[in-house]
Amino acid sequence: MEKYYLTTAIDYVNGAPHIGHAYEKILTDIIARHYSQRCDDVYFLTGTDEHGIKIQKTAAAKDITPKELCDENSRKFKDAWKALDIDYTKFIRTTDDYHEKAVQHIFKKLVEKGDIYKHSYEGLYCTGCECFLNPKDLTEDGLCPTHLKKPEVVSEENYFFKLTKYKDAIVKHIKEHPDFILPQFRANEVLNQLEDIQDISVSRSKSNVQWGIDVLDDSEQSIYVWIDALSNYVTAIGYDTENQSDDFKKYWPADVHVIGKDILKFHSIYWPAFLLALDLPLPKHIFAHGWITIDESKMSKSLGNVISPTSVMENFNMENADAFRYYMATSAPCGRDGNYSDDDFKEKVNAHLANSMGNLLNRTLSMLVKYFDGEVKSEFKGDNPLAKKALNTISIVKNHFDNFEISEAGFEIISLVDSTNKYVQDTAPWTLAKEGKMSECGKVLTNVLDIMCIIASLIYPYCPNIARSMASQLSFNINTKLDDLTSDSIKVGKLIEKENIKPVFLRLDSELADKSAKK
Ligand code: MSP
């Protein structure tokens with residue numbers, strides 16, 4: 001694998017980030033970190049989507065300019081991602097100069113290609129979705145099914161894009177590439193939507209929408225937000241119709257666009273059509289994740305249950321985001337909806353990260369210090385009954401990641417932790433020591449520590465801080481590529497002193513956690 005280019009959806013900046021936005025960025029960061037363990041060149045793009053009527057209206061209601069609103073909220077997204085250890089390569093804002101220019105050129109190229117025409121139109125516009133809705137998709141009460149709001153009747157002369165021209169090519173592509181849309185059960189939804197697809201409006205009249213990129217040569221029209229937004233995936237890496245940067249040549253096509261299920265149509269129908277019209281190759285995968293609910297209800301301002309990711313960290317006095325990342329990433333099977341609840345969060349991370357994984361390392365290192373003064377002797381090295389399962393777990397985890405089964409991969413890692421714990425219970429090294437079987441005891445401890453290196457490496461994408469702390473106590477290089485992992489990483493000799501043994505994760509409700517956070 002020479003490069004891996006992955007992107008998230010870019011978030012609307014009419015509000016601050018919530019844990020739904022965070023879910024997607026965490027999943028993508030985990031995928032990026034996993035692939036960085038398999039390839040040297042990972043490019044991770046995220047950003048904010050800043051034009052459109054939604055932003056224009058929110059700014060007007062706050063009596064500030066749209067640009068002021070964008071600057072204020074885009075900063076909040078960046079700050080939140082920093083707190084969550086989202087290690088992106090680039091953050092694009094659709095108000096960035098280079099992006100605006102490139103989008104105008106893209107629009108122009110589509111006009112030159114003969115794929116755009118002017119047409120008077122009356123339609124139902126949902127500001128939440130920033131798109132026209134098909135009357136047949138509305139609820140019985142005539143509301144947008146996603147936002148449960150009545151769409152506005154809009155009558156305008158707009159530019160239209162010949163989406164219908166590309167319908168057959170997209171259907172063919174989806175059918176010939178069963179892994180284009182993942183999880184695969186979503187592909188049928190898209191094929192159904194394609195059946196009655198029509199040409200789409202790709203501009204709005206400046207009399208109604210001022211906060212947008214002007215159509216070149218027609219300052220009465222601004223470019224429809226989805227052409228603007230979707231193009232970020234190519235403009236960010238230097239595409240500008242006339243001029244294609246080295247980065248663009250290197251990274252395009254994207255390996256995956258990670259998006260929520262609500263915007264699948266735009267990514268698997270509109271975006272491929274625009275790309276085909278621009279004579280550009282299509283992304284390899286589109287991975288649509290599910291939605292996060294709060295205590296099983298949809299998150300919404302009107303219900304007052306919107307949770308910010310940083311407030312979760314503050315409420316639990318967390319030093320870093322590892323536990324939250326782990327919880328979110330394993331909150332739902334691939335592509336399905338997940339749920340956040342404070343109680344479940346605490347229970348799960350305490351069980352998996354503190355009781356199972358953290359304690360295992362802590363107990364094993366403590367025994368190594370107690371019985372062998374922290375030293376691994378050469379006679380302790382040999383056949384490791386856990387090796388087969390551990391090496392097999394690496395392949396299973398890789399396989400899951402290739403299908404974006406992040407939660408499934410997480411549970412596979414915890415299953416390796418559980419098997420290792422069971423091995424310790426079954427072999428009872430403390431009893432072996434009591435009986436004077438020191439060599440057997442040393443072998444058991446070394447076997448466990450060797451497997452802990454694999455566990456540290458596998459858990460790294462989810463919990464980078466915990467993994468680094470584990471690796472440092474094991475004198476293991478956390479940057480080891482997955483293909484170079486062996487079940488024999490622990491070096492013979494002095495491994496650790498008593499005072500350097502530290503819990504890698506403190507239970508969320510423990511006094512210690514409280515104290516360390518206050519420090
Ligand atoms: N700006 C568009 C995306 C343009 S991509 C070229 C948009 N923005 S959004 O802010 O509404 O949503 C951004 C991402 O967050 C989407 O992928 C969306 O599915 C995701 N989520 C928003 N709320 C969510 C949950 N409650 N749960 C999980 N993801 C959710 O759409």
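Biologist: Which residues in α10 are buried?
Modeller: In α10, L264, F266, H267, S268, I269, Y270, W271, P272, A273, F274, L275 and A277 are buried, where buried means under 20% relative accessible area, exposed over 50% and partly exposed in between, with a 1.4 Å probe and protein chains only. Before going on, please note that this is a predicted model, in which local features need pLDDT of at least 70 and side-chain atom pairs count only at pLDDT 80 or more, while totals for chains, interfaces and linings use all residues. Residues are numbered from 1 along each chain as its sequence is written, and side-chain values use heavy atoms, with hydrogens and water left out.

Biologist: How many residues does α10 have, and what should they span?
Modeller: Helix α10 has 14 residues, 264-277, which at 1.5 Å a residue should span 20 Å, and its end C-alpha atoms are 19 Å apart, in agreement; the expected span is 1.5 Å times one less than the number of residues. Helices here are DSSP runs of H or I with at least four residues, strands are runs of E with at least two, and both are numbered from the N terminus.

Biologist: Where is the kink in α10?
Modeller: The kink, of about 30 degrees, lies at Y270, shortly before the proline P272, the bend being the angle between axes fitted to the seven residues ending at a residue and the seven starting there. Just after α10, D279 takes a positive phi of about 60 degrees.

Biologist: Switching to α1, at what angle do the axes of α1 and α14 cross?
Modeller: The axes of α1 (residues 19-36) and α14 (residues 387-402) come within 11 Å and cross at roughly 130 degrees. That makes α1 oblique to α14, since angles under 35 degrees count as roughly parallel, over 145 as roughly antiparallel, 65 to 115 as roughly perpendicular and the rest as oblique.

Biologist: And which residues meet there?
Modeller: From α1, I30, I31, H34 and Y35 meet V397, K398, F401 and D402 in α14, with contact meaning heavy atoms within 4.5 Å.

Biologist: Is Y35 buried or exposed?
Modeller: Y35 is buried, with a relative accessible area of 2%. Leaving aside neighbours within four places in sequence, Y35 is in contact with M1, Y4, V42, F401 and D402; Y35 and F401 are 366 residues apart in sequence, yet 8.6 Å apart in space, C-alpha to C-alpha. As for α1 as a whole, 17 of its 18 residues are buried, so α1 is largely enclosed by the rest of the structure.

Biologist: What about α17 and α18, how do their axes cross?
Modeller: The axes of α17 (residues 438-459) and α18 (residues 464-474) come within 9 Å and cross at roughly 155 degrees. That makes α17 roughly antiparallel to α18. The contact is made by L449, M452, C453, I455, A456 and I459 of α17 with A467, M470 and L474 of α18.

Definitions and conventions:
Axes are lines fitted to C-alpha atoms, for helices over the stretch in contact, and angles run from 0 to 180 degrees between N-to-C directions.
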